[in-house]
Amino acid sequence: MVCPAPLTQRDRIVLGHGSGGRLSAELLRDVFLPLFSNPVLDRMDDQAIVEIGGSRVAFTTDSFVVQPLFFPGGDIGSLAVHGTINDLAMGGARPLFLSAGFILEEGFSTEALRRIAASMAEAAAAAGVSIVTGDTKVVERGKGDGVFINTTGIGIVPEGVRLSASQARPGDRVILSGAIGDHGIAILAKREGLEFETEILSDSAALHELVERMLLAAPAGAVRCLRDPTRGGVSSALNEIALQSRVSIQIEESNIPVRDDVRGACELLGLDPLYVANEGKLLAIVAPEAADEIVAAMRLDPRGAEAAIIGSVGNESAGMVTMRTAFGSTRIVDMLAGEQLPRIC
Amino acid sequence: MKYVDEYRDPKIALAVAGEIRRKVTRPWVLMEVCGGQTHTLMRYGIDELLPPDIEMVHGPGCPVCVTPLEMVDRAIRIASLPGVIFTSYGDMLRVPGSESDLFQAKAQGADVRVVYSPMDALKIARANPNRKVVFFGVGFETTAPANGMAVWRARCEGLTNFSMLVSHVLVPPAMRLILSSPANRVQGFIAPGHVCTVMGYREYEDLVAEFHVPMVVGGFEPLDLLESISMLVSQLEEGHAEVENQYARSVNSEGNLPAQNILREVFEVSDRQWRGIGPIAGSGYRLRDEYADFDAERVFDVGESHAAEPKECISALVLQGLKKPVDCPAFGKRCTPMTPLGAPMVSAEGACAAYYQYRRHATAIA
């Protein structure tokens, strides 16, 4: 659940500013966008798409500060590779090159760093991208948290592919590629020492091949928009699309897959899976007539095996995301107000 | 998922809703006392399944909501003292005091940590003998035993660097206040299942005897609520009033006796201020004198503070079931979860926040 909401107009940064929800959006709106504004940035997609020498180049950057550094199903290294690849893939781009910047804390284990680097190398090789440049800085003990990683990526957007969160139209369908909440719960379970019968694994994975299948399966223009619901979860990603496209989105609760153990952990911790982070899932807004074909194509890929249509785009109350519950009633799915915190009762 | 899905079965829910519809012959106003129940009603849209004759009003049972502004201010002041590690359940961190919240205090350098149990605060105290570790003990009878246990353990272990800022409140005195009000509209109560798991339901039998209103001790899942409503409607339509136990898988009449023992050992009943309602006599717990060394209000001298609630806020009326959140002119405009004017908008389990989070569309369209 979204818990007590914060005071706004803060004069200090609070953790919620990094949650990917409403406070993050406010920080962008109030601090960065007015100063950096330009047509590419103002599109507010997960990646910038710029034309260079006749090619459309996708360009994105992401920083990784996850704790614990090693978690079931991945580590900060593989996550840093997958996260940036996915930001490129959500623009329809074929990812090509990555940079890797490391901020290391004095005293950090070289062996752990070697494991993280090996994991990055493996993830990059598996995804067919190369890490072609990088940087290393060391900060004093106590001024970092072991290791922070920044990755920047570039890729090429194929001819005819134009995806943007502002392109959803009434009548379009919403597709989700698989069960939600795995990454956030894997991290939280490890952090809090919660143990389940079977370990919950992060879903961290590169999604560009899945995206390629989707684009091939659909006629040009049928895929309007892709988003990977990372921080802030499915709810924040859908709210962003609804706002940017000035449409409403309605989803069906019973169509949204959540693994039983993830649901159990959410029940225990008082969290709503719709707000929990994913690192290997995508949401797609697609033309209604192409939706079934796209879902069928996604299901051929292991990362889209549970793909399903979970809702549709409408034109009443623009900017609002609602969900039809299993009981047939309708409720709002709001953007995360701050950090999702466990409730006390 | 076992123990969850069977209480959320839409087919059974619709069947119970149909049963309620067949039984009702005239309007009834019912109150679910606990914020967790309010949350379920809104989240699953249970109230939309009910016949129009059944009006649900929402009770004061959200501990975060009713924690007074002054207590949050006191918490922030203690947290900001040098050498203090301030620990709390997560959802108290964002609750605004009169000027700031614990998140802000943390951003300004206070060592504020989220814990999942007061026992985790004890662990922190053992690991940091040179720091003073304070736990924010908030909640109803539900969370009080674990908090009491932490204080008891701290004393047994001879820990000298652990204390608790106690802001515990009790449900029956608040229900008595609602029932005694000349303006009261509530004709039947869903009593709080988790509170009764600890305390049993003898106290509620006393209330029924005194005020002759039906009460059903109810759970928190959609079917729990529908079944509780159905049981209340039967009592009302048949004209009798007693305590029934819908939540029998968790509650018995005596409650959890070891938990009650620890409560008696560590706490004594005291008057408490309720945010949005005001002072209620005998409506809370404070630490007994034997445990004064563990009472953060006595360990730290943070002085008195008086903070006024915004005048526009109608939360006193909302928390007593006299008004609905949407009756407030500030609702969703000047008062939102990001900028709450009053208690029920503060926590997700508050009635105003639940309406805002799940039902804004209905009011926006209307």
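Which domains does the domain assignment of chain A give? The assignment, which is automatic or taken from a database, gives domain 1 (47-156) and domain 2 (173-332).

The structure is a predicted model, in which local features need pLDDT of at least 70 and side-chain atom pairs count only at pLDDT 80 or more, while totals for chains, interfaces and linings use all residues. Residues are numbered from 1 along each chain as its sequence is written, and chains are lettered from A and ligands numbered from 1 in the order in which they are written.

**View 1. Domain 1 and domain 2 of chain A in contact.** The centres of the two domains, taken over C-alpha atoms, are separated by 23 Å. In contact are 20 residues of domain 1 of chain A and 22 residues of domain 2 of chain A; a contact requires C-beta atoms, placed from the backbone, within 7 Å.

**View 2. The side of domain 1 of chain A that touches domain 2 of chain A.** Helix H3 (76-89) and strand E5 (94-105) of chain A each supply at least two residues to this side. Helices (H or I, at least four residues) and strands (E, at least two) are DSSP runs, numbered from the N terminus. H3(A) gives the most, with 8 residues.

**View 3. The fold of chain B, with 16 helices and 11 strands.** Chain B is as compact as a globular protein of its length, because its radius of gyration of 21 Å is close to the 21 Å that the globule rule gives for 366 residues. The radius is taken over C-alpha atoms, and the rule is 2.2 Å times the number of residues to the power 0.38. The C-alpha atoms of chain B fill a box of roughly 65 × 45 × 45 Å along the principal axes.

Key: Contact = placed C-beta atoms within 7 Å.
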